[in-house]
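Please look through the sequence and the structure shown below, and then read the report that follows.

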Amino acid sequence: MDFSAGRVHQPLRNIIPVPAHGGWFGVMPAVYGTVMGAKMVAFYPGNVNLQKHTHMAMIQLFRADTGEPLVTMDGRLITEMRTAAVSAVAIDYLAAPEAKVLAILGSGVQARSHMRALAGIRSFTEVRVWSRSEDHARQFASEVGARVTTAERAVSGADIVLALTSSPQPILMGRWLSPHAMVCAIGAATPDRRELDEEAMRGAVVVESREAAREEAGDIVLANAQVSAEIGELLNGAQWNRGDRPVVFKSVGLAVEDIAAAQLVYDKFTAQMGR
């Protein structure tokens, strides 16, 4: 809400490709209230085959008034948790109150963190899971009480759909979606990667940042999709017209989400230490 109201100073992240190793390195700075800082994040999709995390990160926090360094902390877990938390906020606002059927495309870290976050806002009568790895899908499904199926059967008739894969090509087709569906598209993190096809992106599109979405979100860039609103604008009371079509929340992640989360951790730590 503060970001969309102009109370955050945040440029676009700077992303450096690492073609020799199939990765990307990003720097995400922001100034927010009493603190400023940056997250340095590495995205290596191929780490899945090495049984390593695809995202690695560190966060450096500073005082905004003097520039003094405050703390350096791990950013991988914060990335994992804040991404799911933002999705939960969007789902709470955008999904129908009576939504009961959840489809999850993906079975990795974000699938698990999203299930934990959604438990705080909704209960579901049915959870369907699909993953490019059937073994991983079955393991995750057994953890959360879900049913493993095909991507099409998972999405068809679902009220809420989570796209949480590192696939560079669409794994969710718009023709599968019901008009009332709400989609969280999380996995495609660069302009040349997409999880949703063009038909899916004809729905009402909500983002965290218009500028970031136009530059960084392959789902939007490759489909030339039109953005209806920022989630912060809607939470601040802006009016919008969804129409009789699915709504897609395309998340790319904002530096201020990391900085705000890091400040929460730092403030709690210093309070416990009596500083």
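## A helix across the sheet

Helix 8 (255-273) lies across strand 2, strand 3, strand 4 (55-63) and strand 5, and runs at about 65 degrees to strand 2. Helices (H or I, at least four residues) and strands (E, at least two) are DSSP runs numbered from the N terminus, contact means heavy atoms within 4.5 Å, and axes are lines fitted to C-alpha atoms, for helices over the stretch in contact, with angles from 0 to 180 degrees between N-to-C directions.

This is a predicted model, in which local features need pLDDT of at least 70 and side-chain atom pairs count only at pLDDT 80 or more, while totals for chains, interfaces and linings use all residues. Residues are numbered from 1 along each chain as its sequence is written, and side-chain values use heavy atoms, with hydrogens and water left out.

The open sheet has 5 strands in the order 1-2-3-4-5, with antiparallel pairing, where two strands pair if DSSP finds at least two bridges between them. Strand 1 (14-18) and strand 5 (69-74) stand at the edges with a single partner strand each, so one side of each has no neighbour in the sheet. On average, and with direction ignored, neighbouring strands of this sheet are turned by 15 degrees against each other.

Strand 1 and strand 2 are joined in the antiparallel sense over 5 bridges, and Ile15 has Gly26 of strand 2 as its bridge partner.

## The largest pocket

The largest pocket has a volume of about 1,200 Å³. A pocket is an open set of points on a 1 Å grid over the protein atoms alone, where a 1.4 Å probe fits and protein lies on both sides within 12 Å along at least five of seven lines; lining residues have an atom within 4 Å of a point. Its volume is the space filled by probe spheres set on the points, which are joined across faces, edges and corners.

Of the 45 lining residues, Thr54, His55, Val109, Gln110 and Ser166 are the closest to the centre of the largest pocket. Helix 1 gives the most to this lining, with 5 residues, and the lining divides into 14 nonpolar, 22 polar and 9 charged residues. Here Ala, Val, Leu, Ile, Met, Phe, Trp, Tyr, Cys and Pro count as nonpolar, Asp, Glu, Lys and Arg as charged, and the others, Gly among them, as polar.

## The second largest pocket

The second largest pocket holds about 490 Å³ of space. Of its 20 lining residues, Met1, Val86, Leu254, Val256 and Glu257 lie nearest its centre, and helix 8 gives the most to the lining, with 5 residues.
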